[in-house]
Amino acid sequence: MVRGLADMGAEGVLLAGAGRAILLQIANPAVGHGVAEHSNFTSRPLERLRGTLTYVYAVVYGTEGQVAAVRRSVNRAHAPVRRKPDDASAGYSAFDAQSQLWVVATLYDTAVTVYERIYGALDDEAADIMYQDYARIGTALQLPAEMWPADRAAFRTYWDGCLQRLQADEVSVRVARELLYPPDPQLWQRLVMPLARFITVGLLPDQLRQGFGLPWSERHRRWFDRTMRWSAVVYPRLPQRARHWPKNYCLARLGAA
């Protein structure tokens, strides 16, 4: 039984939603334009993914020293990600609380979406506990605790309102293309990206598939549903050491603190 984020967050299958979360994030110009101008994740995706995972795993499972270490690392990376409003940009800051709220919201919604595809719907008690736990991902940085919507119903109102306003602009489309279709792919990307791209597009809301210009059809949907059903049969039967390997790997690299 899931009793909160600590029970759910170690599952490696949640990484299947990484592309979805990133595309949702960059569809918000306050995030996407900062990524486009300051981030190198499209050229070094594994390093950037490992950094994000290490932060999340440290907040959920780490010691106070490890949390402090990853907080300092993230804040150093965020410090230069800022731009004042001008004729070409509405401006952005990685320390902006609304932007941080959106990033955490995409991580939460994506984690629940993937988890329930594999394990089935959470019961209300477990879902409520896990939802409240997820606020820690943001409040460990600069997100004020009171900004996290009070409950899942309030979150759904916030989430639906944000989705209605999201519209991928040319900057976010360019970043998405570089992520999903690397211009100079390494061998591992040639092997992994077709499936990763398929899962990412399948998990996206309809309007963002269209906004990013990503092909999707009824045939794609059928294959996606079959893939998810097959994964729901196979993945839970894997040994825990395999399912939790990403968490254990990231925390081991972080070391004792």
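Against which helices do the buried residues of α9 pack? In this predicted model, the buried residues of α9 pack against α2 (18–26), α3 (29–38) and α10 (187–203).

Helix α9 itself comprises residues 170–180, and its buried residues are Val171, Ser172, Val175, Ala176, Leu179 and Leu180. These residues lie on the same side of α9, because they cover an arc of only 150 degrees around the axis. An α-helix has 3.6 residues a turn, so residues three or four places apart point the same way. The N-terminal end of α9 is capped by Asp169, which places a side-chain oxygen 3.2 Å from the backbone nitrogen of Val171.

Is Thr106 buried or exposed? Thr106 counts as buried because its relative accessibility is 0%, and the cut-off for a buried residue is under 20%. A polar atom of the Thr106 side chain lies 2.7 Å from the backbone oxygen of Val103. When residues up to four places away in sequence are left aside, Thr106 touches Ala21, Leu24, Gln25 and Trp159.

Trp230, Val233, Val234 and Leu238 make a nonpolar surface patch of about 370 Å². Of these residues, Leu238 is found in the loop between α12 (218–234) and α13 (240–243). Leu238 counts as partly exposed because its relative accessibility is 34%, a value that falls between the limits of under 20% for buried and over 50% for exposed.

Conventions: Residues numbered from 1 in each chain as written. Predicted model: local features only at pLDDT ≥ 70, side-chain atom pairs only at ≥ 80, totals over all residues. Heavy atoms only, no water. Buried < 20%, exposed > 50% of the residue type's maximum accessible area, 1.4 Å probe, protein only. Helix = DSSP H or I, 4+ residues; strand = E, 2+ residues; numbered from the N terminus. Arc of directions from axis to C-beta. Contact = heavy atoms within 4.5 Å. Polar contact = N/O pair within 3.5 Å; in protein donor to acceptor, adjacent residues only side chain to side chain. Patch = residues over 30% accessible without salt bridge, like charges linked within 9 Å, V, L, I, M, F, W, Y side chains within 5 Å. Areas by Shrake-Rupley, 256 points an atom, 1.4 Å probe, with all protein chains shown as cover. Salt bridge = Lys/Arg side-chain N within 4 Å of Asp/Glu carboxyl O.
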